[in-house]
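Have the picture open while you read.

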Amino acid sequence: MATLMVERSSVRRKEATRHRGASCQRTLADPVKLVGRGLHSGGESRVIIHPADAGAGIVFSDAAETIRGLVANVVDTSRGTTLGVNGSRIRTVEHVMAALRGRGIDNAVVEVFGSEMPALDGSALPYVEAMDAVGLVEQDAPRQTVKLREPIIVQQNGSFIAAVPAQALRITYVMNYDHPMIGAQSATYELCEEDFGHKIAPARTFVLYEEVARLLDNDLARGGSFENAIVVWRDRMSSKLRFPDELVRHKVMDLVGDLALIGGLLQAEVVAVKSGHALNVEFVREVESRKSKVKSRR
Ligand SMILES: [Zn+2]
């Protein structure tokens, strides 16, 4: 673990900056700390996100291992994305990955005390607020982008993700639940560091009431509560929504987090229909198998 911990003094510092443009890599100006319960384990989970050197990427560390936030290290995708190596497991990484990508942070060490990221309020907003409170620094290295050479489509049980080359990352997500409170919804979002925190990060996790008992039977959602997830009954929801389309915005956020496992900023027009973490990760693996990484100064 210690080898990848980065001394603050080793981060090349420029004046802390809000995002403008997208050409340089960025990291945090200072470490940020968050504490909460893990959604699935129910145990207390603490995380410190540290600045990291240019080129480091996103790296998770627990007491035993360091695990790069890359698709090659995904070991489970049931109810969240789990990274692991050598028996170490870090569950539910998608929201912190979305917050880092959404705010344009390329390099960070996410030190996790416990085996799961804290659920916080079920969204990525607490991460974004903590990051904004310390500010970011630009680093003297071009951001790594991932361009597609050709269209890609992956599909699974009536769900699919299709992507074509583009200049920026734009995601359209379509969900269609046979449920009176949800039904068909779609959202289109172009990844924009200025408004990620307002438009996508606040969208919370949701769970159907019918699923709650099944999750508990499977030893999942032990830390779930009305404070960190929206529970959806047939005729109501457990809290007032932050956006009329909060549920589909959350799906966009999960996809932003899973796409960050590519290890660079994907430049593609992506349409996802009813995809979840398993298909998101399969898509990233497909991109990985074909990708041409281009270091560009846009
Ligand atoms: Zn989520």
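What is the order of the 5 strands in the open sheet?

## Before we start

This is a predicted model, where local features need pLDDT of at least 70 and side-chain atom pairs count only at pLDDT 80 or more, while totals for chains, interfaces and linings use all residues. Residues are numbered from 1 along each chain as its sequence is written.

## The sheet as a whole

The order is β2-β3-β9-β4-β5, and the pairing is mixed. Strands here are DSSP runs of E with at least two residues, numbered from the N terminus, and two of them pair if DSSP finds at least two bridges between them.

β2 and β5 (66-68) sit at the edges with a single partner strand each, so one side of each has no neighbour in the sheet. From one strand to the next, the twist averages 20 degrees (axes are lines fitted to C-alpha atoms, and angles run from 0 to 180 degrees between N-to-C directions).

## β2 meets β3

Strand β2 (residues 32-37) and strand β3 (residues 44-51) run antiparallel, joined by 6 bridges.

## β3 meets β9

β3 also pairs with strand β9 (residues 108-113), again in the antiparallel sense, over 6 bridges. Here I49 stands opposite V110 in β9.

Notes:
Helices (H or I, at least four residues) and strands (E, at least two) are DSSP runs, numbered from the N terminus.
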